[in-house]
Amino acid sequence: FDIRDRSYQPQRVFGGAHVVSDALDVKDGLLVAASDRPRGQLQCFDLATGKELRPAIDCSANLLACRAFGRASRMFCWVAGHKPNTLCCYDLLNESIVTKVEGFESALCTVDVHPSDPGYVVAGGGDNTVYKVLSSVPKT
């Protein structure tokens, strides 16, 4: 919805998107949605058309947060979640894990990426903890 439009009609509909917690992000025309469902936890949509760009990516965790970074031709996404308590960086083009950090004491409920250094990530845990993670990820 566009809150400036008084028609109260949706501007775009994303069919099939499943979103939980802090698991929605938009970057360079790409909408990324993550969820805690059993399969296909990471979804990518074209913001202009609302169409899903590729089949949902199966992740090895229930996702609660995501943050995209990069450019349309080379897009990545940090995801955080639980079962296991994990933080992963996915290459969205190749549908592969770039790096993964596991073993946090609680579920990770939020994640944010430094604007100029995507290897510098801050994640928030369910037990009021904040983790600063420095990792090597591709520069975009």
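With which residue does Arg39 form a salt bridge? The partner is Asp58, and the closest N and O atoms of the two are 3.5 Å apart. A salt bridge here is a side-chain nitrogen of Lys or Arg within 4 Å of a carboxyl oxygen of Asp or Glu. The model is a predicted one, in which local features need pLDDT of at least 70 and side-chain atom pairs count only at pLDDT 80 or more, while totals for chains, interfaces and linings use all residues. Residues are numbered from 1 along each chain as its sequence is written, and side-chain values use heavy atoms, with hydrogens and water left out.

By this rule there are four salt bridges. Among them, Arg39 and Asp58 come from two loops: Arg39 lies between β2 (30–34) and β3 (42–46), Asp58 between β3 and β4, so the pair ties together parts 19 residues apart in sequence. Strands are DSSP runs of E with at least two residues, numbered from the N terminus. Arg39 is exposed at 61% relative accessibility, whereas Asp58 is partly exposed at 43%; buried means under 20% relative accessible area, exposed over 50%, and partly exposed in between, with a 1.4 Å probe and protein chains only.

Another of these bridges joins Arg54 to Glu95, with the closest N and O atoms 3.9 Å apart. Arg54 sits in the loop between β3 and β4 and Glu95 in the loop between β6 and β7 (96–102), so parts 41 residues apart in sequence are tied together. Arg54 is buried at 18%, and Glu95 is partly exposed at 39%.

Asp22 and Arg67 also form a salt bridge, their closest N and O atoms being 2.9 Å apart. This pair links distant parts of the chain, since Asp22 is in the segment before β1 and Arg67 in strand β4, 45 residues apart. Asp22 is partly exposed, at 24%, and Arg67 is buried, at 15%.

Asp25 is buried but has no salt bridge, and Arg67, its nearest side chain of opposite charge, is 4.6 Å away; Lys and Arg count as positive, Asp and Glu as negative, and His and the chain ends are not counted. A polar atom of the Asp25 side chain does lie 2.7 Å from the backbone nitrogen of Ala68.

Attention now turns to empty space. Rolling a probe the size of a water molecule over the atoms shows where such space is left. On a 1 Å grid over the protein atoms alone, a pocket is an open set of points with protein on both sides within 12 Å along at least five of seven lines, a cavity is a set where a 1.4 Å probe fits but cannot get out, and lining residues have an atom within 4 Å of a point.

The largest pocket holds about 250 Å³ of space. Its lining has 16 residues, with Lys27, Phe69, Gly70, His114 and Pro115 nearest the centre. Strands β1 (24–27), β4 (62–71) and β8 (108–113) each give two or more residues to this lining, and β4 gives the most, five.

One cavity of 30 Å³ or more is found, and the largest cavity has about 30 Å³ of space. Its lining includes Cys59, Leu63, Val79, Cys88 and Tyr90. Strands β5 (74–82) and β6 (86–91) each supply at least two of the lining residues.

Technical notes
Points joined across faces, edges and corners; volume = space filled by probe spheres on them. Helix = DSSP H or I, 4+ residues; strand = E, 2+ residues; numbered from the N terminus. Polar contact = N/O pair within 3.5 Å; in protein donor to acceptor, adjacent residues only side chain to side chain.
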